[in-house]
Amino acid sequence: MLKEDVSVLVKKGEMLPLMEEFYTIQGEGYYKGTAAYFIRVGGCDVGCHWCDVKESWNAGLHPPTHVNNIVENAAKYSDTIVVTGGEPLSWNMQPLTSGLKAKGLKTHIETSGAYKLTGEWDWICLSPKKLKKPTPEIYKKAHELKIIIYNRSDFDFAEEQATKVNKDCILYLQPEWSKREKMIPEIVEYVMKNPKWKVSLQTHKYLNIP
Ligand SMILES: C[S@@+](CC[C@H](N)C(=O)[O-])C[C@H]1O[C@@H](n2cnc3c(N)ncnc32)[C@H](O)[C@@H]1O
Ligand SMILES: Nc1nc2[nH]cc(C(=O)O)c2c(=O)[nH]1
Ligand code: SF4
Ligand SMILES: [Mg+2]
């Protein structure tokens, strides 16, 4: 296909730069422990210094892939599909999610919320970043708020973000992986003092699975 044709389809969200796909157990948040098929879409310019998937950032390194092919393949593995990245909302998620919904699959997203919310989602995990704050619209829709705790100032950021979400949104504090030894005791103490928060761990890393 011509380069220009590909970029038109990517612009529409009919093709997406696909980094990887894998069937695993959701490690984080509310659905932790649940089998799910992960679709990791390349491209992110938020720039978290502790990001655990920096290889995803450059969209140009990941092959533009037709969403129909992504959907056909995903349906073979699971009824729960987690779309992550990179930042999936860098792209128009409508074509991908309408394809997944047409197959009766449940659509979950992992997002920083930094870009316009597109797509039809059964579950939105919003993980805001200080460097590029979420768009106002996504706070009303998020099912869980997951704040990464790298240092103590992140507790203040968590409280500030919690004022913006809807009343049913479940609140999680998740230790940044490289700081887990230092920050887990602080998170435990914080959650016992402020029980509206729950702890989320990256349990897939403890299980040694993708
Ligand atoms: C790699 S991000 C991709 C999705 C989206 N860009 C986002 O940040 O929500 C997936 C999840 O991993 C979290 N995360 C990334 N690096 C992490 C780290 N080093 N320790 C703990 N959580 C991390 C993010 O906050 C997000 O909730
Ligand atoms: N098992 C597993 N669970 C996850 N939950 C969120 C992840 C992500 O990178 O978005 C992730 C991931 O990479 N693996
Ligand atoms: S927004 Fe997500 S993918 Fe982008 S740098 Fe931050 S953690 Fe990594
Ligand atoms: Mg991950």
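Tutor: What follows starts with the cysteine site and then moves to other parts.

This is a predicted model, in which local features need pLDDT of at least 70, side-chain atom pairs count only at pLDDT 80 or more, and totals for chains, interfaces and linings use all residues. Residues are numbered from 1 along each chain as its sequence is written, while chains are lettered from A and ligands numbered from 1 in the order in which they are written.

The site comes from a record. An unreviewed UniProt entry lists Cys44, Cys48 and Cys51 under "binding site". UniProt positions follow the numbering used here, feature names are shortened, and annotations may be inferred rather than shown by experiment. In the model, Cys44, Cys48 and Cys51 are among the residues around ligand 3; a residue is near a molecule or strand if its C-beta atom, placed from the backbone, lies within 6 Å of it. Val46, Gly47, Val53, Ser56, Gly85, Gly86, Glu87, Ser112 and Lys129 are also around ligand 3. By class, this shell has 5 nonpolar, 5 polar and 2 charged residues. Here Ala, Val, Leu, Ile, Met, Phe, Trp, Tyr, Cys and Pro count as nonpolar, Asp, Glu, Lys and Arg as charged, and the others, Gly among them, as polar.

Cys48 sits in the loop between strand 2 (35-41) and strand 3 (64-66), and Cys51 lies in the loop between strand 2 and strand 3 as well. Helices (H or I, at least four residues) and strands (E, at least two) are DSSP runs, numbered from the N terminus. Are these cysteines buried, exposed or partly exposed? Cys48 is partly exposed because it has 19 C-beta neighbours inside 10 Å, and Cys51 is partly exposed with 16 other C-beta atoms within 10 Å. The cut-offs are 20 or more other C-beta atoms within 10 Å for buried, 12 or fewer for exposed, and partly exposed in between, with C-beta atoms placed from the backbone. Apart from its neighbours within four places in sequence, Cys48 is in contact with Lys129 and Leu131; contact requires C-beta atoms, placed from the backbone, to lie within 7 Å.

Gly86 lies in the loop between strand 4 (80-85) and helix 3 (94-102).

Ligand 2 has its own shell: Thr24, Ile25, Gln26, Gly27, Glu28, Thr84, Glu110, His204 and Pro210. This shell divides into 2 nonpolar, 5 polar and 2 charged residues. Asn208, in the segment after helix 7 (203-207), has a positive phi near 60 degrees although Asn208 is not glycine. With 6 C-beta neighbours inside 10 Å, Asn208 is exposed.

Elsewhere, strand 8 (residues 170-175) is largely enclosed by the rest of the structure because 5 of its 6 residues are buried. Strand 8 runs parallel to strand 7 (residues 144-149), with 6 bridges joining them; strands pair if DSSP finds at least two bridges between them. Across this pairing, Glu144 stands opposite Ile170 in strand 8. Strand 8 also runs parallel to strand 9 (residues 197-199), through 3 bridges, and Tyr172 stands opposite Lys198 in strand 9.

By contrast, helix 1 (residues 3-12) is hardly covered, with 0 buried residues among its 10. Just after helix 1, Gly13 has a positive phi of about 80 degrees.

Notes: Contact = placed C-beta atoms within 7 Å.
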